[in-house]
Structure formats: structure tokens, C-alpha cells
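Here are my notes for you, point by point. Have the model open while you read, and find each residue as it comes up.

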Amino acid sequence: MSIMPEDILPNDINELEIDGIKARKGTVAAVLANAKILTSATATENAKISAKETIKKLAPTLIALELHEHLIWKNPEIQQIIDEILETNNKL
């Protein structure tokens with residue numbers, strides 16, 4: 001048996017809570033879009049800073065979704081963000 005997106009979040013529900021963290025539909029897609037901005041040759045420095053801050057804000061949700069258990073980011077800046085949050089969580 002496989003799991004489809006609607007099995008996790010039905011069409012009429014936009015978010016779920018995992019370990020006290022709200023995960024909205026589109027969170028992973030938003031992080032990927034911001035990762036693209038970080039590597040864009042045409043993005044301004046301000047756009048890249050904003051994209052990185054948004055990734056930092058959304059990273060705890062990626063961890064709650066256990067995405068880090070299945071992938072390593074090619075972008076070292078994003079991987080560092082994830083690693084730092086994991087390290088902080090392990091100290092708690």
C-alpha cells in the first residue's frame with residue numbers, strides 16, 4: 001500500500017499538527033522554491049537573504065515531517081540550517 005497526499009491531508013484540510021508544530025500544505029514546496037532563489041544567479045542579495053530566513057522559519061516543520069531522515073540537502077546553507085536545529089533539539 002502506498003500513501004497519497006490526500007491520505008495525509010484531505011483536500012478540505014490545509015494544515016496538521018505534528019509534535020506541536022503546524023505543518024501547512026505547501027510548506028515543502030515553499031522551502032524548495034526558496035532554495036531555488038538561494039542558488040539563482042539572477043536573484044538579488046536581499047531576495048537570497050529573505051529566502052534563507054524563510055527556510056529557517058520553515059525548517060522546524062521539515063524536521064517535524066522527518067524530511068531530514070530521508071534526504072541530505074545539496075545546498076550546504078540549507079543543510080546547516082537543518083543540522084543546527086537538530087543539534088539544538090538534541091540538547092533539549
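1. Start with Lys 22, which is exposed at a relative accessible area of 52%. For these labels, buried means under 20% relative accessible area, exposed means over 50%, and partly exposed is in between (1.4 Å probe, protein chains only). The side chain of Lys 22 meets that of Glu 15 in a salt bridge, 3.7 Å from N to O. A salt bridge here is a side-chain nitrogen of Lys or Arg within 4 Å of a carboxyl oxygen of Asp or Glu. Glu 15 has a relative accessible area of 33%, so call it partly exposed.

2. A quick word on what you're looking at. This is a predicted model, so local features need pLDDT of at least 70 and side-chain atom pairs count only at pLDDT 80 or more, while totals for chains, interfaces and linings use all residues. Residues are numbered from 1 along each chain as its sequence is written, and side-chain values use heavy atoms, with hydrogens and water left out.

3. How many salt bridges does the rule give? The count comes to three. Glu 77 makes one of them with Lys 52, and their closest N and O atoms are 3.2 Å apart. Glu 77 lies in helix 4 and Lys 52 in helix 3, so this pair ties together parts that are 25 residues apart in sequence. Both ends are labelled the way you'd expect from the cut-offs: Glu 77 is partly exposed at 33%, and Lys 52 is partly exposed at 25% relative accessibility.

4. Now look within helix 3, where the side chains of Lys 56 and Glu 53 meet in a salt bridge (3.7 Å, N to O). These two are three residues apart in the helix, so about one helical turn separates them. Lys 56 counts as partly exposed, at 37% relative accessibility, and so does Glu 53, at 44%.

5. How do helix 3 and helix 4 pack? Helix 3 covers residues 45-64 and helix 4 covers residues 76-91; the angle is about 50° and the axes are 10 Å apart. Axes are lines fitted to C-alpha atoms, for helices over the stretch in contact, and angles run from 0 to 180 degrees between N-to-C directions. The two helices are therefore oblique to each other (under 35 degrees is roughly parallel, over 145 roughly antiparallel, 65 to 115 roughly perpendicular, and the rest oblique).

6. Ile 78 sits in helix 4 and is buried, with a relative accessible area of 0%. Ile 3 is in the segment before helix 1 (5-8) and is exposed, at 58%.

7. Last, the whole chain. Helices (H or I, at least four residues) and strands (E, at least two) are DSSP runs, numbered from the N terminus. Of the 92 residues, 24% count as buried. The C-alpha atoms fill a box of roughly 40 × 35 × 25 Å, taken along the principal axes.
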